[in-house]
Amino acid sequence: MGLTNGTTYAVKLRAVNSQGPGSESESMEQSPARVPGAPTISGSTVSDSTINIGYDVSDNGGRTINAIDYSLDNGESWTTVLAATSPITVENLTNGTGYSVKLRARNQMGIGTVSGATVLTPARAPDAPTIATITRGNTTLSVAYMLGGNGGDPITDVEYTLDDGITWLQQHSP
């Protein structure tokens with residue numbers, strides 16, 4: 001009938017026969033609704049063994065969202081967070097492992113459409129490198145080192161200091 005989900009309508013009925021319309025029924029109010037649309041994943045962050053899944057549900061289907069389900073395995077299994085607010089924090093994950101995150105919203109009508117997948121990879125800062133040797137040269141020092149663990153994220157630069165950590169400079173190749 002082209003009604004708007006979430007809008008309340010006062011519904012009455014009456015029967016009609018060859019003599020015309022009969023008496024009206026009592027009025028009853030109700031609003032059409034459906035399951036929610038797919039959430040949008042945005043503004044997510046990662047940290048040490050943790051992901052924070054940012055999201056927005058712009059289409060509630062005409063009813064209040066009462067839960068969000070998340071999947072970390074591309075929709076194979078789901079975890080429900082009741083009355084969730086963005087972001088959803090998921091802890092105790094493995095650093096360096098990419099998790100294929102999907103969301104779906106729930107309202108009184110049921111489980112909504114599944115979002116597209118976003119891969120989130122928790123990570124932490126890298127471990128300290130180990131200085132193996134320092135070789136003197138004319139106005140130079142050559143430092144041989146071994147990198148520690150990368151914390152689950154590739155190391156892109158190595159920085160050095162000559163003044164006990166007051167000023168840090170980049171070496172650009174680990």
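Which strand does Asn107 lie in? Here are some notes on that and a few other spots.

1. Asn107 is part of strand 12, residues 99-107 (strands are DSSP E runs of at least two residues, numbered from the N terminus). This is a predicted model, where local features need pLDDT of at least 70, side-chain atom pairs count only at pLDDT 80 or more, and totals for chains, interfaces and linings use all residues. Residues are numbered from 1 along each chain as its sequence is written, and side-chain values use heavy atoms, with hydrogens and water left out.

2. Asn107 is buried, at 5% relative accessible area (buried is under 20%, exposed over 50%, partly exposed in between, with a 1.4 Å probe and protein chains only). A polar atom of the Asn107 side chain sits 2.7 Å from the backbone oxygen of Asn60. Beyond four places in sequence, Asn107 is also in contact (heavy atoms within 4.5 Å) with residues including Arg34, Pro36 and Ile65.

3. Two loop residues other than glycine deserve a look. Asn92, in the loop between strands 11 and 12, has a positive phi of about 60 degrees and is exposed at 73%. Thr139, between strand 15 and strand 16, has phi near 65 degrees and is exposed at 78%.

4. The Ser86 to Pro87 peptide bond is cis, with omega near -5 degrees; Pro87 is in the loop between strand 10 and strand 11.

Definitions and conventions. Helix = DSSP H or I, 4+ residues; strand = E, 2+ residues; numbered from the N terminus. Polar contact = N/O pair within 3.5 Å; in protein donor to acceptor, adjacent residues only side chain to side chain.
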